[in-house]
Amino acid sequence: MLRVLMFVVPLALSVYAFIDCISTDEQDIRHMPKPLWAILVLLFPLVGSISWLIAGKKRALAADGWSGVRGGGRSRQWVAPDDNPEFLKSLDQDDPDDDKKKRDEP
């Protein structure tokens with residue numbers, strides 16, 4: 001079983017890295033052009049895949065643009081929805097469709 005994993009894991013990693021490389025926009029690729037990254041991943045599957053995942057693509061924070069994160073810079077923290085003022089304000093806003101549903105109910 002271990003022999004199979006030693007073959008399948010690097011193969012899956014290189015397939016993922018190659019698909020991620022060819023589906024990434026040119027403006028989000030760092031250090032080398034897209035075709036060179038694809039060739040690197042294909043010719044050197046393990047080293048090329050790991051280098052693509054570490055250095056090849058501009059990665060954004062998972063919480064960029066999401067209101068569940070409070071603060072800026074390095075001290076960013078996740079905020080639960082019940083503590084998030086923006087989320088609580090959105091609950092107070094009236095939904096026009098919701099008023100129609102209330103009127104239609106018997």
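## Overall architecture

The protein contains five helices and two strands. Along the sequence these elements are arranged in the pattern α-α-α-β-β-α-α.

Of the 106 residues in the protein, 20% are buried. When contacts between residues at least 6 apart in sequence are considered, 39% join residues at least 24 apart.

Helix α1 comprises residues 2-23. Its 22 residues should span 32 Å at 1.5 Å a residue, and the computed separation of its end C-alpha atoms, 32 Å, agrees with this.

The buried residues of α1 are Ser14, Ala17, Asp20 and Cys21. They lie on the same side of α1, because the arc that they cover around the axis is only 135°. An α-helix has 3.6 residues a turn, so residues three or four places apart point the same way. The cover over the buried residues of α1 includes α2 (34-43) and α3 (45-56). On the other side of α1, Phe7 and Ser23 are exposed.

## Ser14

Ser14 is located in α1. Its relative accessible area is 11%, and since buried means under 20%, Ser14 is classed as buried. A polar atom of the Ser14 side chain lies 2.9 Å from the backbone oxygen of Leu11.

Apart from neighbours within four places in sequence, Ser14 is in contact with Val41, Pro45 and Ser49.

## Ile22

Ile22 also belongs to helix α1. With a relative accessibility of 45%, Ile22 counts as partly exposed, because that class lies between the limits of 20% and 50%.

Once neighbours within four places in sequence are set aside, the contacts of Ile22 are with Lys34 and Ala38. The C-alpha atom of Ile22 is separated by 8.2 Å from that of Pro35, a residue 13 positions away along the chain.

## The annotated segment 36-55

An unreviewed UniProt entry lists residues 36-55 as a "transmembrane region". In the predicted model, the chain over residues 36-55 is 95% helix and 0% strand. The end C-alpha atoms of this segment are 13 Å apart.

Terms used:
Residues numbered from 1 in each chain as written. Predicted model: local features only at pLDDT ≥ 70, side-chain atom pairs only at ≥ 80, totals over all residues. Heavy atoms only, no water. Helix = DSSP H or I, 4+ residues; strand = E, 2+ residues; numbered from the N terminus. Buried < 20%, exposed > 50% of the residue type's maximum accessible area, 1.4 Å probe, protein only. Polar contact = N/O pair within 3.5 Å; in protein donor to acceptor, adjacent residues only side chain to side chain. Contact = heavy atoms within 4.5 Å. Expected span 1.5 Å × (residues − 1). Arc of directions from axis to C-beta. UniProt positions renumbered as here; feature names shortened; annotations may be inferred.
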